[in-house]
Amino acid sequence: METKWTTIDLLRHSRHDWLNKIQLIKGNLALGKMDRVSGLIEEIIIDAKQEAKVSNLDMPCLAELLLTSNWRHYTFELGFEIIDDIDGFAEQDRSLTRFMMEFFEALNQEVTGSSVHTLIVILSESEEASLRIGFDFQGRVNSVERLFDGLSVPNSIEMSAPSGDINSFFFELTVR
């Protein structure tokens, strides 16, 4: 499922996100909750720094996927964190992004219940000069086994076995 975003689509989604953040700040200001306002501003700064890091990965397909995933009407919220300055994986961009899109779609089908479902994607560079990507899911899925059954992992990517259960799980990719 590849979405072709127009400039207007991107601006509309971005404006909506910013208005939500501003309304949260405004509401907390009106309630006199200055500590919460300070915390919200700090969260915005951290998010902006992470968005800058993902934009500078030299992996435009992956960056687009991570930056726009919460606009794709998934039943889970996606967050991401770039731990290190990552460089040198541009040749894996398309295959890694295809795999991640396939995983996001499979996860979207397996999520169940009305609780909050969150997937955090953590990117870091390992000592062996490989890209390590952790996937930390909190929420509920119907079946962890079924979620991973049909996924096709590209040859250049190693995937660890998922640990956890239907309420939370973690797995890791290593890209060489």
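Modeller: Start with the axes: lines fitted to C-alpha atoms, for helices over the stretch in contact, with angles from 0 to 180 degrees between N-to-C directions. Helices (H or I, at least four residues) are DSSP runs, numbered from the N terminus. This is a predicted model; local features need pLDDT of at least 70, side-chain atom pairs count only at pLDDT 80 or more, and totals for chains, interfaces and linings use all residues. Residues are numbered from 1 along each chain as its sequence is written, and side-chain values use heavy atoms, leaving out hydrogens and water.

Colleague: At what angle do the axes of H3 and H4 cross?

Modeller: Two packed helices are described by the angle between their axes and the distance between the axes. Here, the axes of H3 (residues 60-68) and H4 come within 8 Å and cross at roughly 25°. H3 is therefore roughly parallel to H4 (under 35 degrees; over 145 is roughly antiparallel).

Colleague: Which residues of H3 and H4 make the contact?

Modeller: Contact means heavy atoms within 4.5 Å. H3 gives Pro60, Cys61, Leu62, Leu65 and Leu66; H4 gives residues including Leu96, Met100 and Phe104.

Colleague: How do H1 and H2 cross?

Modeller: Their axes come within 8 Å and cross at roughly 160°. H1 (residues 7-30) and H2 (residues 34-55) are therefore roughly antiparallel to each other.

Methods
Helix = DSSP H or I, 4+ residues; strand = E, 2+ residues; numbered from the N terminus. Parallel < 35°, antiparallel > 145°, perpendicular 65-115°, else oblique.
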